[in-house]
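This briefing concerns the structure shown below.

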Amino acid sequence: MPRGRPRQSQNGTRATQDDDDGPLSQSLSQSQSQTQRRSQRRLSPVEEERLAARVVRYVLAAHGRGEPLRREKVRRLALEPQHGGYVNQVLQAADVKLRDVFGMSLEVLPNKRDLLLVNQLPVVENAPPLLAESELQKHGLLVAILALIFMSGDAGVDEDTLWRFLSKLGVHKDHKHECFGNVRKLVTEEFCRAGYLRKEEEVVKGVTVLRFFWGDAASVGVDAVDLLKFVCTIWGDEVEPEQWQEQYERALQLQEAREQREQARQQQ
Amino acid sequence: MEMEVDCTVDVYGDWHRHFMQAMLSQPAISADGLKKLVGDISGNTIRDLDQIKTFLLTVRSKVHSLGLDLKKGLSERDGRPVYALINTSGGEETVACAAFSEVQLRYLRALIQEVVTSVRGDISAMAALNLADGMPKADAQELLRRLVRDCWLEETDSRLALHTRAILELEPYLLRHYGEHVPRCQMCGKITVRGRLCEQDGCGAKNHHHCLGKMRDKMGVVKCQKCNSLMTDED
């Protein structure tokens, strides 16, 4: 789901550069020979453009389905068999197009298997939302849950605590909410399937209970510092993010990890 | 507060990107809705028709390279303009696979067939549900809800028809598979799914209700442009 982020310094990420780029390499090793070898196996600009456009159309159609976008599926369906070896090049080109046209980036989740569309446009006050009404409501619920889990630290949140928290917001486990429908299904299935939440089963006194953590899609798609600021606004005017030391440090770490990912991408 | 100071109507920038993201979650938008959206996005800078036209032109030039287009169609329900972001790369199965499962696609194809080949160009919600073959009714119900939400189908008084968005996007598909059921309206030249059949035996012309309405307003009578016979007033 798209999430606004404060504008970062314009550093040419917007793919307005039309010049031919040098050898792209997504490999972990930066060795010269490996780079040279890869630069010999590249699609022509015309083919790259054509396939990147296909990937973009595919990603857009799959977006908002509430399911993770599998890299493998993209490769299988959007690329033709003879292009299987050029996945990284095409995904990179698709990312460039998505940023340029939609202001969204195509991120690879840490599991290296799933992809996620993330909004890169700066948040503008009073501008209309980027999401439709029903999506906005779901997003609001998700942010509330993510905030709860984040504030609880590494331990995650057990299901009981989660429902007690949500009921205070007027969202009840067994209710058929007018917007969300079956809330329990939304939280324990849809959010988890999409990778925003991760659930673990644990047996406590012979009973199986669920425990929730941030999922990979949340780590990649949600700005933790923004989230902390959001939590502060709920607490009141005098509260600053820095006052929650442990959480603030962790939020900064997540932010730094994201910035490093961005830098690594730009260097390619 | 962030201000997008470097945005202009005719140079693709954050306003246009914001618009594109909005269109992703809003597959079809009315002319009024479009005007409001663009106005809100631009902090009320884009207000008049010329500016909006330029804005849309800038968007269309940009998305062309992606095999997409922002098309305008007239609703077969009320004749009002509807804008939709559509895929112009023609019958791409891969895109359909991204949005729907195989079972869902089968159902969708059956729905389209039923709607397009019907006399009125629509079917009852009940009939739509009964088309669900090998799919639990609850799933079909859920899928129908989603199809209406995403502007593939349009519901009026418990009857389901193709949304303007669907007609814009699926035109090549409809022409290929149901050519004789979607003749071009004599007035506007666009294909007709929901419309009025000429009563004259053997004529077969079908025209949009709103196009015939315009003719009535202009000329006082409604005549089939194909066979020149007078068309009686509908109830």
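In this predicted model, R184(A) is partly exposed, with a relative accessible area of 32%. Its salt-bridge partner is E159(A), and the closest N and O atoms of the two are 2.9 Å apart. R184(A) belongs to helix α7 (residues 183-193) of chain A and E159(A) to helix α6 (residues 159-168) of chain A, so the pair ties together parts that are 25 residues apart in sequence.

**Salt bridges**

- Over all chains, a search of the whole structure finds 28 salt bridges, one of which is the R184(A)–E159(A) pair.
- In chain B, E142(B) and R145(B) form a salt bridge whose closest N and O atoms are 2.7 Å apart.
- E142(B) and R145(B) are three residues apart in helix α7 (residues 137-149) of chain B, and therefore about one helical turn separates them.
- E142(B) is partly exposed, with a relative accessible area of 40%, and R145(B) is also partly exposed, with a value of 45%.
- A salt bridge likewise joins the side chains of R196(B) and E199(B), with an N to O distance of 2.7 Å.
- Within this pair, R196(B) is buried at a relative accessible area of 6%, whereas E199(B) is partly exposed at 46%.
- In chain A, a network of salt bridges links E47(A), R50(A), R54(A) and E80(A).

**Aromatic pairs**

- Four aromatic pairs are present in the structure over all chains.
- Among them is the edge-to-face pair of F19(B) and F55(B), whose rings are 5.5 Å apart centre to centre, with 85° between the planes.
- This pair links distant parts of the chain, since F19(B) lies in helix α1 (residues 14-24) of chain B and F55(B) in helix α3 (residues 49-64) of chain B, 36 residues apart.
- F19(B) and F55(B) are both buried.
- Y173(B) and Y178(B) also form an edge-to-face pair, with 6.5 Å from centre to centre and 65° between the planes.
- Y173(B) and Y178(B) are buried as well.

**Charges over rings**

- In chain A, R250(A) places its charged end over the ring of F150(A), at 4.7 Å from the ring centre.
- In chain B, R165(B) lies over the face of W152(B), and the distance to the ring centre is 3.8 Å.

**Sheets of chain A**

- One open sheet of chain A consists of three strands in the order β1-β3-β2, paired in antiparallel fashion.
- The edge strands of this sheet are β1 (69-70) and β2 (104-108) of chain A, each of which pairs on one side only.
- β2(A) is joined by five bridges to the antiparallel strand β3 (residues 114-119) of chain A.
- Across this pairing, L106(A) stands opposite L117(A) in β3(A).
- A further open sheet of three strands in chain A has the order β4-β8-β7, again with antiparallel pairing.
- Its edges are formed by β4 (157-158) and β7 (197-204) of chain A; each has a single partner strand, so one side of each is left without a neighbour in the sheet.
- Two bridges connect β4(A) with strand β8 (residues 207-214) of chain A, and these strands run antiparallel.
- V157(A) is located opposite F212(A) in β8(A).

**Overall features of chain B**

- The secondary structure of chain B comprises nine helices and eight strands.
- The C-alpha trace of chain B spans about 65 × 50 × 30 Å along its principal axes.
- Of the 235 residues in chain B, 49% are buried.
- For contacts in chain B between residues at least 6 apart in sequence, 49% join residues at least 24 apart.
- Chain B has an accessible surface of about 12,000 Å², and carbon and sulfur atoms account for 50% of this surface.

Conventions: Residues are numbered from 1 along each chain as its sequence is written. Chains are lettered from A and ligands numbered from 1 in the order in which they are written. This is a predicted model: local features need pLDDT of at least 70, side-chain atom pairs count only at pLDDT 80 or more; totals for chains, interfaces and linings use all residues. Side-chain values use heavy atoms; hydrogens and water are left out. Two strands pair if DSSP finds at least two bridges between them. Helices (H or I, at least four residues) and strands (E, at least two) are DSSP runs, numbered from the N terminus. A salt bridge is a side-chain nitrogen of Lys or Arg within 4 Å of a carboxyl oxygen of Asp or Glu. Buried means under 20% relative accessible area, exposed over 50%, partly exposed in between (1.4 Å probe, protein chains only). Rings of Phe, Tyr and Trp (its six-membered ring) pair if their centres lie within 6.5 Å; planes under 30 degrees apart count as stacked, over 60 as edge-to-face and the rest as tilted. A charge sits over a ring if NZ of Lys or CZ of Arg is within 6 Å of the ring centre and within 35 degrees of the ring normal. Contact means heavy atoms within 4.5 Å. Accessible areas come from the Shrake-Rupley method with a 1.4 Å probe; for residues, only the protein chains shown count as cover.
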